[in-house]
Amino acid sequence: MPKNNMQPWELMIDAKLVLGMGLLKKIFQVGEKQLYRQMRNPDLDGDNARPVIDRVRVLLQNLHEVGGDETAHAILQFLALPAGYTCLPIEQGCPTCDDVRAECLEDYPTLVQLHEAVRDGQDMRAVQTLLDEHVDEVRQTVTLYEQEQGE
């Protein structure tokens with residue numbers, strides 16, 4: 001089953017299968033009964049509990065709704081990095097210029113900022129943020145180029 005379309009209770013079951021109940025109890029600091037309640041399908045069982053990961057999703061949604069996208073992104077990055085992932089907004093890569101040449105020119109300042117941060121020995125978090133900004137600028141260029149090629 002593809003893991004990207006699973007419901008929170010299904011993800012908790014999968015985590016139990018991978019890590020075991022003992023480690024889940026240590027991680028979440030709750031008893032086995034509470035964890036099993038989080039693993040029940042709410043459509044079939046009235047005695048269920050909202051999984052912790054679902055609560056984090058609600059937190060992210062609420063942050064987004066009130067304009068706290070930077071905080072939401074920071075939380076996602078914090079959660080993704082231990083698994084070797086990085087999170088990028090879906091809307092990244094939307095061109096800001098009407099001309100590919102102009103879009104290409106916008107790629108340089110972010111690259112220069114990234115290189116300066118590396119040379120200055122800035123904190124890795126700052127460097128990662130600059131990298132994400134530069135990748136977005138390059139994606140904008142490629143997106144506009146693809147759009148022009150398709151015409």
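The exercises below work through a predicted model, one part at a time.

Residues are numbered from 1 along each chain as its sequence is written. In this predicted model local features need pLDDT of at least 70, side-chain atom pairs count only at pLDDT 80 or more, totals for chains, interfaces and linings use all residues, and side-chain values use heavy atoms, with hydrogens and water left out.

**Exercise 1. The nonpolar core**

Find which residues make up the largest nonpolar core, and list what Met-21 touches.

Solution.
- Step 1: Start from the rule. A nonpolar core is a set of buried Ala, Val, Leu, Ile, Met, Phe, Trp, Tyr and Cys residues joined through side-chain atoms within 4.5 Å. Buried means under 20% relative accessible area, exposed means over 50%, and partly exposed lies in between (1.4 Å probe, protein chains only).
- Step 2: The largest such core has five residues: Met-12, Met-21, Leu-24, Leu-35 and Met-39.
- Step 3: Take contact as heavy atoms within 4.5 Å. Not counting residues up to four places away in sequence, Met-21 touches Lys-16, Glu-32, Leu-35, Tyr-36 and Met-39.
- Background: in soluble globular proteins, nonpolar side chains tend to be buried together.

**Exercise 2. The nonpolar surface patch**

Name the residues of the nonpolar surface patch and the helix that gives the most to this patch.

Solution.
- Step 1: Patches are made of residues with over 30% relative accessible area and no salt bridge; like charges are joined within 9 Å, nonpolar side chains (Val, Leu, Ile, Met, Phe, Trp, Tyr) within 5 Å. Areas come from the Shrake-Rupley method with a 1.4 Å probe, and for residues only the protein chains shown count as cover.
- Step 2: Leu-17, Val-18, Leu-19, Leu-23 and Ile-27 form a patch of about 500 Å². Two elements give two or more residues to it: helix 1 (8-19) and helix 2 (21-28).
- Step 3: Helices (H or I, at least four residues) and strands (E, at least two) are DSSP runs, numbered from the N terminus. Helix 1 gives the most, three residues, while Ile-27 lies in helix 2.

**Exercise 3. Salt bridges**

Count the salt bridges and trace the partners of Asp-47.

Solution.
- Step 1: A salt bridge is a side-chain nitrogen of Lys or Arg within 4 Å of a carboxyl oxygen of Asp or Glu. The count comes to five.
- Step 2: Asp-47 pairs with Arg-37 at 3.0 Å, N to O. This pair links distant parts of the chain, ten residues apart: Asp-47 is in the loop between helix 3 (32-38) and helix 4 (52-65), and Arg-37 is in helix 3.
- Step 3: Asp-47 also bridges to Arg-40, with the closest N and O atoms 2.9 Å apart.
- Step 4: Asp-47 is partly exposed at 38% relative accessibility, as are Arg-37 at 22% and Arg-40 at 28%.
- Step 5: Asp-54 and Arg-50 form a salt bridge at 3.0 Å, N to O. Shared partners join Arg-37, Arg-40 and Asp-47 into one network.

**Exercise 4. Helix 4**

Compare the span of helix 4 with its expected span, then find its buried residues.

Solution.
- Step 1: The expected span is 1.5 Å times one less than the number of residues. Helix 4 has 14 residues and reaches 20 Å from its first C-alpha to its last, close to the 20 Å expected.
- Step 2: The buried residues of helix 4 are Asp-54, Leu-60 and Leu-63; Asp-54 has a relative accessible area of 19%.
- Step 3: These buried residues pack against helix 1 and helix 5.
- Step 4: Just after helix 4, Gly-67 takes a positive phi of about 90°.
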